Amino acid sequence: MANKACYEVVTAAKMPMTVFDMISAMQDKYADRVAFRYVEGKDTVVEKTYAQYVQDIRKMTGYLQQELGNPKGKKVVILSRTNYEYGVVVFGTMMAGAVIVTLNQGKTWAELEYELGLTEPDLILNDGIDYGYRAQLEAAYGGKLRPMDVWKDAAPAELSNRIDHEGLLMLMFTSGTTGRSKGVMLSEKNYFGASQMYINGQKVIPEIEEKLAPRYLDRVVSHFTLVPMFHLAGFICYFVYGIQGWSLNLCCDARDLRRDMSLMHSDAMSTPPVLVEMIYNEIKRGHADRLNGLWNLSCSSAILDPSILSYLVEHGVYINQCYSMTELAGYGLLNVAQDGDHLRALGKPDGFCEVKVDETGEICVRGDCVMLGYYKDPEATAETIDKDGWLHSGDLARVDDEGYFYMTGRKKNLIILDSGENVSPEELEKLLGKCDAIKECIVKEMGKKIGTIVCCDDDKQQQVKDFVTELNRTLPMYKRVSVVECSKQPLPRNALGKLLRK
């Protein structure tokens with residue numbers, strides 16, 4: 001079967017372990033396959049083959065050699081929404097030996113000014129869109145700004161390995177939800193160490209072929225990419241799909257989600273919690289056809305409602321849940337269980353890197369995936385990576401008898417009371433979520449008390465307060481919610497839809 005062969009072409013044991021080898025395979029093995037699709041204008045789907053992609057990557061490398069002389073170690077920033085050129089710039093920069101820096105173009109100028117100042121870029125490639133700070137960007141960095149397709153008329157460079165496998169390849173900034181963002185330094189070794197987990201996770205697909213074959217038979221797998229490429233959950237797809245010669249369907253603007261899904265069949269999709277709920281609602285309402293054949297969901301970094309996951313599995317959706325973080329280049333725990341209690345687990349270690357829960361209950365990881373450190377911040381690096389090389393994630397978990405990890409909370413979110421008791425806000429948020437009137441909520445310390453900020457309709461405020469009163473009667477004194485603040489406005493979220501704790 002043609003598509004079964006696609007799964008068998010690459011295994012974690014045989015996958016390329018350098019960008020050079022990966023791009024060489026794109027050119028030699030996958031040249032005629034579609035690497036990217038995207039919608040141009042109202043309804044025109046454009047396809048780019050791997051042969052075109054590699055040629056454009058070589059042009060980007062050639063452009064940097066011409067523009068920067070010796071690009072080795074120079075920093076090239078991308079400040080753009082997702083598009084085909086983004087991938088070209090990323091790998092063209094890497095193949096030139098330069099450092100790629102991906103920034104969130106949706107941040108405020110104050111945030112970007114800090115990140116750009118820390119980075120000290122040699123070039124900034126951008127899409128030309130004014131996100132509210134164009135004048136400030138041009139005033140500060142006008143001489144370094146270039147369009148995303150600046151490479152299009154350049155002479156292609158030779159394919160050559162210019163990358164230091166364990167050196168700085170990329171800077172990717174954390175979301176900064178609890179303070180100023182930090183530049184995570186990642187290497188080629190980090191990315192290919194992490195990619196093994198995803199490639200290894202695909203081996204289960206042929207085992208359920210009889211169930212899924214009608215939807216992917218004789219097709220190279222395609223992935224709908226909505227998660228922005230400045231975020232690790234989106235960016236890792238460049239590696240995982242490039243290694244296997246699969247296709248990425250790019251959604252350049254979240255507002256075009258439904259249109260793009262209808263125009264480009266996709267097998268798989270990285271899905272933040274909000275999208276999982278959207279897909280669940282579409283299927284529940286009998287509108288599965290609107291998903292255009294989507295059957296494989298990768299759910300990242302969230303504790304999802306097990307009943308929703310069970311419903312999706314029962315209706316033919318394949319779920320894989322990935323626990324990862326930027327500091328691990330996307331590595332962590334992958335859960336491919338499709339039923340039972342394990343459906344809500346983070347997963348269990350696969351052996352490519354070491355993963356453990358330490359004596360405090362914190363998830364710790366050691367191995368090839370662990371970042372080089374935080375850029376120009378040795379103190380924060382030392383706080384995160386201990387002397388034995390263990391990266392401390394800040395996430396709390398328990399492990400069951402079969403080795404599955406289950407998230408229990410966030411160490412930094414813990415509310416430590418004067419009595420010495422520790423309270424997990426996530427635990428209370430889950431309980432509050434059972435109230436029909438509450439659309440969303442966060443729990444945090446408010447003046448040495450446990451409080452919650454709730455989004456609800458004005459006429460539901462009393463219902464919420466009554467629910468909290470009843471809930472408190474079931475909780476020990478130290479866990480009771482003493483302050484309730486209601487808002488009819490949605491609570492602030494970051495780029496991936498996670499609630500901000502401010």
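1. Strand 15 (residues 354–357) and strand 16 run antiparallel and are joined by four bridges. Within this pairing, Val 357 stands opposite Ile 363 of strand 16. The model is a predicted one, and the points that follow should be read accordingly.

2. The hairpin formed by strand 15 and strand 16 has four residues between the strands. In this hairpin, Gly 361 adopts a positive phi near 90°.

3. Strand 16 also pairs with strand 18 (residues 391–399), in the antiparallel sense and over three bridges. Here Glu 362 is placed opposite Leu 396 of strand 18.

4. Of the five residues of strand 16 (residues 362–366), four are buried, so the strand is largely enclosed by the rest of the structure.

5. Helix 12 spans residues 306–314, and its buried residues include Ile 308, Leu 309, Tyr 311, Leu 312 and Val 313. Just after helix 12, Gly 316 has a positive phi of about 85°.

6. Turning to the whole protein, there are 15 helices and 24 strands. The radius of gyration is 23 Å, which agrees with the value near 23 Å that a compact globule of 502 residues would have. The C-alpha trace spans about 70 × 55 × 50 Å along its principal axes.

7. Buried residues make up 55% of the 502 residues. Among contacts with a separation of 6 or more, 66% are between residues 24 or more positions apart.

8. The accessible surface is about 21,800 Å², and carbon and sulfur atoms account for 47% of that area. The protein carries 58 positive and 69 negative charges, whose mean positions lie 2 Å apart.

Terms used
Residues are numbered from 1 along each chain as its sequence is written. This is a predicted model: local features need pLDDT of at least 70, side-chain atom pairs count only at pLDDT 80 or more; totals for chains, interfaces and linings use all residues. Side-chain values use heavy atoms; hydrogens and water are left out. Buried means under 20% relative accessible area, exposed over 50%, partly exposed in between (1.4 Å probe, protein chains only). Helices (H or I, at least four residues) and strands (E, at least two) are DSSP runs, numbered from the N terminus. Two strands pair if DSSP finds at least two bridges between them. The radius of gyration is taken over C-alpha atoms; the globule rule is 2.2 Å times the number of residues to the power 0.38. Contact means heavy atoms within 4.5 Å. Accessible areas come from the Shrake-Rupley method with a 1.4 Å probe; for residues, only the protein chains shown count as cover. Lys and Arg count as positive and Asp and Glu as negative; His and the chain ends are not counted. The place of a charge is taken as NZ of Lys, CZ of Arg, CG of Asp or CD of Glu.
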